[in-house]
Amino acid sequence: MMKAPAALEELITALRCLPGVGPKSAQRMAYHLLQRDTPGAQRLAQALGLALERIRHCEMCNSYTEEPVCALCRSPRRDATILCVVETPADLLMMEQAQCYQGLYFVLMGALSPLDGVGPREIHLDRLVKRAADGIVGEAILATNFTVEGEATAHYIGELLRAKGIKTSRIARGLPVGGELEHVDSGTLAQAVLERRDL
Ligand SMILES: [Zn+2]
């Protein structure tokens with residue numbers, strides 16, 4: 001059987017690290033990049049290299065940034081007494097677009113999902129507790145998704161933070177059950193934050 005050149009095989013294998021990409025689509029992507037879009041392939045390679053080199057987690061909010069502490073966390077205009085806990089950087093962006101919140105954030109980069117092997121350690125809840133217990137944060141708003149994982153995560157974090165004497169609240173259920181922040185409109189999200197209830 002004819003084998004593809006080693007470098008091509010490696011590219012196909014590498015592309016399979018993307019979610020939802022099986023062997024067939026990885027092969028299609030590799031051929032597309034090499035045959036039809038070499039400038040695109042160059043750009044992709046450079047962007048990947050640059051992102052890996054420069055992007056890191058903000059020391060305060062854990063979101064992606066190119067600096068030790070991101071611009072949002074450094075901003076004097078933000079209310080440092082409230083901390084909003086979200087699952088992903090995309091959720092943070094949604095909150096910002098809803099323009100309903102002036103506090104700071106903590107991005108979990110996931111949610112608890114024991115079946116997938118994601119426990120408190122994997123989403124660095126110790127860092128969140130440390131961050132929230134800085135003596136300035138007075139309230140933590142838990143804005144994880146209304147999915148099974150998101151609810152379990154909010155519940156778990158609520159207990160952790162309350163044990164540290166930090167008031168916790170959960171955004172209101174204006175969001176649909178199973179709802180992900182990323183997919184709701186700004187108005188609904190703003191309402192959910194306004195109507196948050198104490199835990
Ligand atoms: Zn930050």
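## Aromatic pair

In this predicted model, the structure contains one aromatic pair. The rings of Tyr-101 and Tyr-105 have centres 5.2 Å apart and planes at 65°, so the pair is edge-to-face. An angle over 60 degrees is what places a pair in that class. Both tyrosines, Tyr-101 and Tyr-105, are buried.

In general terms, two values describe a pair of aromatic rings: the distance of the centres and the angle of the planes.

## Zinc site

The zinc ion has as its protein donors the SG atoms of Cys-58, Cys-61, Cys-70 and Cys-73, which lie 2.3 Å from the ion. Along the chain, these donors follow the spacing C-x2-C-x8-C-x2-C. Of the residues in the site, Cys-70 and Cys-73 are both buried.

The angles subtended by the four donor atoms around the zinc ion are 105 to 117°, and the arrangement is therefore tetrahedral. For four donors, this description requires all angles to lie between 85 and 135 degrees.

Strand β5 (residues 139-142) runs parallel to strand β6 (residues 167-170), and four bridges join them. Within this pairing, Glu-139 has Lys-167 of β6 as its bridge partner. Together with helix α7 (residues 148-163), β5 and β6 form a right-handed β-α-β unit.

Strand β6 also pairs with strand β7 (residues 197-198), here in the antiparallel sense and over two bridges. The bridge partner of Arg-170 in β7 is Arg-197. The charged end of Arg-170 sits over the ring of Phe-146, at 4.3 Å from the ring centre.

Notes
Residues are numbered from 1 along each chain as its sequence is written. This is a predicted model: local features need pLDDT of at least 70, side-chain atom pairs count only at pLDDT 80 or more; totals for chains, interfaces and linings use all residues. Side-chain values use heavy atoms; hydrogens and water are left out. Two strands pair if DSSP finds at least two bridges between them. A crossover is right-handed if, with the strands pointing away from the viewer, the path from the first strand over the helix to the second runs clockwise. Donors are N, O and S atoms within 2.8 Å of the metal (3.2 Å for Na, K and Ca); water is not among the atoms, so sites may look incomplete. Four donors count as tetrahedral if all angles lie between 85 and 135 degrees; four count as square planar and six as octahedral if opposite donors are over 155 degrees apart and all others between 65 and 115; anything else is irregular. Buried means under 20% relative accessible area, exposed over 50%, partly exposed in between (1.4 Å probe, protein chains only). Rings of Phe, Tyr and Trp (its six-membered ring) pair if their centres lie within 6.5 Å; planes under 30 degrees apart count as stacked, over 60 as edge-to-face and the rest as tilted. A charge sits over a ring if NZ of Lys or CZ of Arg is within 6 Å of the ring centre and within 35 degrees of the ring normal.
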